[in-house]
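I opened this notebook to record what I looked up in one structure. The entries follow the order of my checks.

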Amino acid sequence: MLSALPTYGADNEIYVDQSGATANIDLEQLGSANIIGGLNSVAGTLTPLDLDGTSLTLDINQIGDTNKFLGDILADNFTGFFEFDGSGNNFTIQVDPTNTYGADGSDVNVDVTGDSNTFTLDLATSAMSSNTDLDWIINGDSNTFDFDINYDGATSYVDVDGDSNTVNFTGSGYADGYFYLDQTGSSRTFNIIQSSTLASDWLKILSTGSNGTVCVVQNDGGTSTGC
């Protein structure tokens with residue numbers, strides 16, 4: 001079942017509440033100050049974006065500035081294509097935070113072009129993300145990316161081009177995780193923590209540019225450690 005209710009006004013809003021398997025959802029917004037919501041929605045006080053089921057495909061395109069994509073996705077075998085072109089946008093998504101379905105087989109691709117965007121992604125907050133593939137392609141300056149994965153054989157690739165970007169990553173869980181960061185630009189900040197319990201984690205960083213701060217912590221005891 002899919003319920004989608006747009007709110008009409010100076011800015012656009014999309015409300016989606018989906019339950020059931022094998023859904024294909026394609027949402028596109030052009031312009032500024034739009035919302036696909038969800039978590040912490042404001043404007044017309046809309047809630048969710050809430051997607052529940054298995055084998056879901058979600059394609060999001062937000063073209064413009066100060067847009068928001070907020071919500072919860074509860075799904076195994078979830079495929080996400082998220083494209084954001086513009087500046088000052090906010091992306092906050094949780095994938096199965098309560099371990100309702102698990103978050104196995106997730107394939108998430110995020111493509112960002114613009115400056116001063118803020119992105120927060122929690123993948124399998126209390127579940128395990130088996131065979132997950134998470135890819136970020138980022139072009140722009142002064143962007144902040146915070147993402148967490150509860151590992152179970154997950155791979156994350158991040159390609160960043162631009163100055164003054166911040167990447168905060170935490171990988172936890174009970175199985176192997178692989179993180180690859182390829183970055184070009186100055187004044188960067190990286191905080192990377194891998195703490196799979198009694199498992200192997202791999203990290204590869206290729207960085208070109210001047211100035212910045214890099215903190216890397218690996219701990220196979222699963223202990224919470226910070227930069």
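Entry 1, overall fold. Helices (H or I, at least four residues) and strands (E, at least two) are DSSP runs, numbered from the N terminus. I note that this is a predicted model, in which local features need pLDDT of at least 70 and side-chain atom pairs count only at pLDDT 80 or more, whereas totals for chains, interfaces and linings use all residues. Residues are numbered from 1 along each chain as its sequence is written, and side-chain values use heavy atoms, with hydrogens and water left out.

Buried means under 20% relative accessible area, exposed over 50%, and partly exposed in between (1.4 Å probe, protein chains only). I then looked up contacts (heavy atoms within 4.5 Å). Among those between residues at least 6 apart in sequence, 51% join residues at least 24 apart.

I applied the ring rule: rings of Phe, Tyr and Trp (its six-membered ring) pair if their centres lie within 6.5 Å, and planes under 30 degrees apart count as stacked, over 60 as edge-to-face and the rest as tilted. The count comes to 17 aromatic pairs. Trp 136 and Phe 145 have ring centres 5.4 Å apart and planes at 75°, so I list the pair as edge-to-face. Both Trp 136 and Phe 145 are buried.

I next examined Phe 169 and Phe 179, which form a stacked pair, 4.4 Å centre to centre with 5° between the planes. Phe 169 belongs to strand β16 (residues 166-173) and Phe 179 to strand β17 (residues 177-184), ten residues apart. Phe 169 counts as buried because its relative accessibility is 1%. Phe 179 has a relative accessible area of 0% and is therefore buried. I also recorded a cluster linked by ring pairs, with Phe 69, Trp 136, Phe 145, Phe 169 and Phe 179 among its members.

I found the charged end of Lys 204 over the ring of Tyr 180, 5.0 Å from its centre. The rule asks for NZ of Lys or CZ of Arg within 6 Å of the ring centre and within 35 degrees of the ring normal.

I located Ile 205 in strand β19 (residues 201-208). Ile 205 counts as partly exposed because its relative accessibility is 30%.
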